[in-house]
Amino acid sequence: MWTKICGIRDAETARMVADLGASALGLNFYAPSPRCISVETAGEIAEAVSKNDVALVGLFVNHSLEDIETICQDISLDLLQLHGDESPEFLAKLAERLPNLPLIRAFRVREANLESIAAYLSDCDRCGKRPDYLLIDAYSPDAFGGTGKVAPWAVIQEYYQFTEWPPLILAGGLTPENVAEAIAAVQPFGVDTASGVESAPGIKSEELVASFLKRTKKA
Ligand SMILES: O=C(O)c1ccccc1NCC(=O)[C@H](O)[C@H](O)COP(=O)(O)O
């Protein structure tokens, strides 16, 4: 099971999470988030985990192509996560400019709006670039992510049985308590959490991260 701990804010936490065995660290460049970091801090984090076998995922919300490209010139990211309203055309242009970086496209779903993802993927096929992974997060009218709200697992699982979608990363309100149940219900490729392993907004708890990763591995 691929595991991403999102919203790492400093080098010490990055080392702790990488040493505990996470597959990926999310570096958040979305200014309104309590988990947002500067490019300088992202550089310190990259340096701190350069010897670990952990992927660095850059998290963007409606950034411009130029902004993403500039950040990628400074930091050696392994994947890009688009968590806003980025269009299929945008994905195609990004893939043209940064062809070696796999794309995770996040969707915030309510009970009934998985149909719109199917339509989005058809548009991607028309534009020439499908996301390499889908991240499905819970919907909130107030925020793009990191809300702690749980996504509708049963609906997601049902959809994945019948469609040829990119590998699924499940997010949204995952905690050490519910992650095993979520994996059993959805059977995703990977899981992602931000607030579910924090002691306060943006502050990762070693105990919660360790417990989350342990229960994920057992599931
Ligand atoms: O974490 C944030 O603050 C955030 C803000 C805006 C867009 C995305 C954000 N996080 C992206 C993630 O990948 C989170 O892990 C995902 O939204 C789940 O968050 P949570 O429900 O807190 O586990």
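Predicted model: local features only at pLDDT ≥ 70, side-chain atom pairs only at ≥ 80, totals over all residues.
Asn62 is partly exposed, as 13 other C-beta atoms lie within 10 Å.

Gln187 is not a glycine, yet its phi is positive at about 50°. Its setting is the loop between helix H7 (179-186) and strand E8 (190-193). With 15 C-beta neighbours inside 10 Å, Gln187 counts as partly exposed, because a residue is called buried if 20 or more other C-beta atoms lie within that distance and exposed if 12 or fewer do.

The axes of H7 and helix H8 (residues 206-218) come within 8 Å, with a crossing angle of roughly 35°. This crossing is right-handed. On the H7 side the contact is made by Val179, Ala180 and Ile183, and on the H8 side by Phe212, Arg215, Thr216 and Lys218. Sorted by class, the contact of H7 with H8 comprises 4 nonpolar residues, 1 polar residue and 2 charged residues.

Another pair is found at helix H1 (residues 11-19) and helix H2 (residues 39-48), whose axes come within 8 Å and cross at roughly 35°. H1 passes H2 in a right-handed crossing. Here Ala11, Ala14 and Arg15 of H1 meet Glu44, Ile45 and Ala48 of H2. The class make-up of the contact between H1 and H2 is 4 nonpolar and 2 charged residues, with no polar ones.

The next pair joins helix H4 (residues 88-97) to helix H5 (residues 115-127). Their axes come within 8 Å of each other and cross at roughly 45°. That angle makes H4 oblique to H5, because angles under 35 degrees count as roughly parallel and those from 65 to 115 as roughly perpendicular. The handedness of the crossing of H4 and H5 is right-handed. H4 contributes Pro88, Glu89, Leu91 and Ala92 to the contact, while H5 contributes Tyr120, Asp123, Cys124 and Cys127. Of the residues in the contact of H4 with H5, 6 are nonpolar, none is polar and 2 are charged.

These pairs belong to a chain with 8 helices and 10 strands. How does the radius of gyration of the chain sit beside the globule rule? The radius is 16 Å, close to the 17 Å that the rule gives for 219 residues, so the chain is as compact as a globular protein of that length. Taken along the principal axes, the C-alpha atoms fill a box of roughly 45 × 40 × 30 Å.

Of its 219 residues, 40% count as buried. Considering contacts between residues at least 6 apart in sequence, 64% join residues that are at least 24 apart.

How values were computed. Residues numbered from 1 in each chain as written. Axes fitted to C-alpha atoms, helices over the stretch in contact; angles between N-to-C directions. Helix = DSSP H or I, 4+ residues; strand = E, 2+ residues; numbered from the N terminus. Parallel < 35°, antiparallel > 145°, perpendicular 65-115°, else oblique. Left-handed = near helix turned anticlockwise from the far one by under 90°. Contact = placed C-beta atoms within 7 Å. Nonpolar A, V, L, I, M, F, W, Y, C, P; charged D, E, K, R; others polar. Rg over C-alpha atoms; globule rule 2.2 N^0.38 Å.
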